[in-house]
Amino acid sequence: MISSSPCRPERSALLIIDMQNGFLSPMSAQCIQMAAATLPDCSAAAKKARQSGIPVFFIKRQYRSNGSDVEFARYSSWKEGGSAMTPGSHGPISEEFPPELQPQEGDYILVKPRFSAFFATPLDLILRRLGIDTVLLTGTTTPNCIRTTCYDALSLDYNTVILPECCSSQTKDIQCANLRDMEAAGAVLLPLSDFLQNGLRDVPDRVYQVRQEISQGKML
């Protein structure tokens, strides 16, 4: 029987998704009600990741000023709300990251055109080039960008870990329901306090375990 193995920091990456002024500010039509309150926890998670040698990826949205790349379902609210998150924008509805959560030297910044951090981005390519097989998900919103990224990560055979306190939704009910769904689909919900204290020590590396079983002929 293959013994369990914890996820390894050097083969893990922290994704910080859409933590930008345009999703955090109450002045923005795209504001997520619970997002700003998670800034201290997201900052703590990023600090722990860097200390542990876990690369940090900032995944952000940008919308062209003419709206040509805005989702059809979001276009009206985006336009009426002042056209948030255009390239190079500044202020409360901008693409900027808040002061509490700024990229640092060595971090990665990727722009995604839709909900999932994997959709039409080089994220999967970069992660595989770095030898990453575990992703830790943080950011906003849980039912949209976190959830689609989670399912894409699972489909691409990554160990998928969610830090619940570092994710946000419009309501607590939406938050809880989506976290339950992702856990049922195979994601690991790792309390932030556990991550800050123990890192990934208690998170099983399912990718490694399954590969080991297959290579030893355990699954035919």
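How many bridges join strand S1 to strand S4? The legends below answer this and describe related views.

**Figure 1. Strands S1 and S4 run side by side in parallel.** Six bridges join S1 (residues 12–17) to S4 (residues 134–140). Ser12 has Thr134 of S4 as its bridge partner. Strands pair if DSSP finds at least two bridges between them; helices (H or I, at least four residues) and strands (E, at least two) are DSSP runs, numbered from the N terminus. The model is predicted: local features need pLDDT of at least 70, side-chain atom pairs count only at pLDDT 80 or more, and totals for chains, interfaces and linings use all residues. Residues are numbered from 1 along each chain as its sequence is written, and side-chain values use heavy atoms, leaving out hydrogens and water.

**Figure 2. Six strands form an open sheet with parallel pairing.** The order is S3-S2-S1-S4-S5-S6. Strands S3 (108–111) and S6 (188–189) stand at the edges with a single partner strand each, so one side of each is left without a neighbour in the sheet.

Figure 3. The whole structure contains zero disulfides, a disulfide being a pair of cysteine sulfur atoms within 2.5 Å. For Cys31, the nearest cysteine sulfur, that of Cys145, is 14 Å away. The sulfur of Cys150 has its closest cysteine sulfur in Cys167, at 9.7 Å, which is too far for a bond. Cys31 is buried, with a relative accessible area of 10%, and Cys150 is also buried, at 0%. Buried means under 20% relative accessible area, exposed over 50%, and partly exposed in between (1.4 Å probe, protein chains only).
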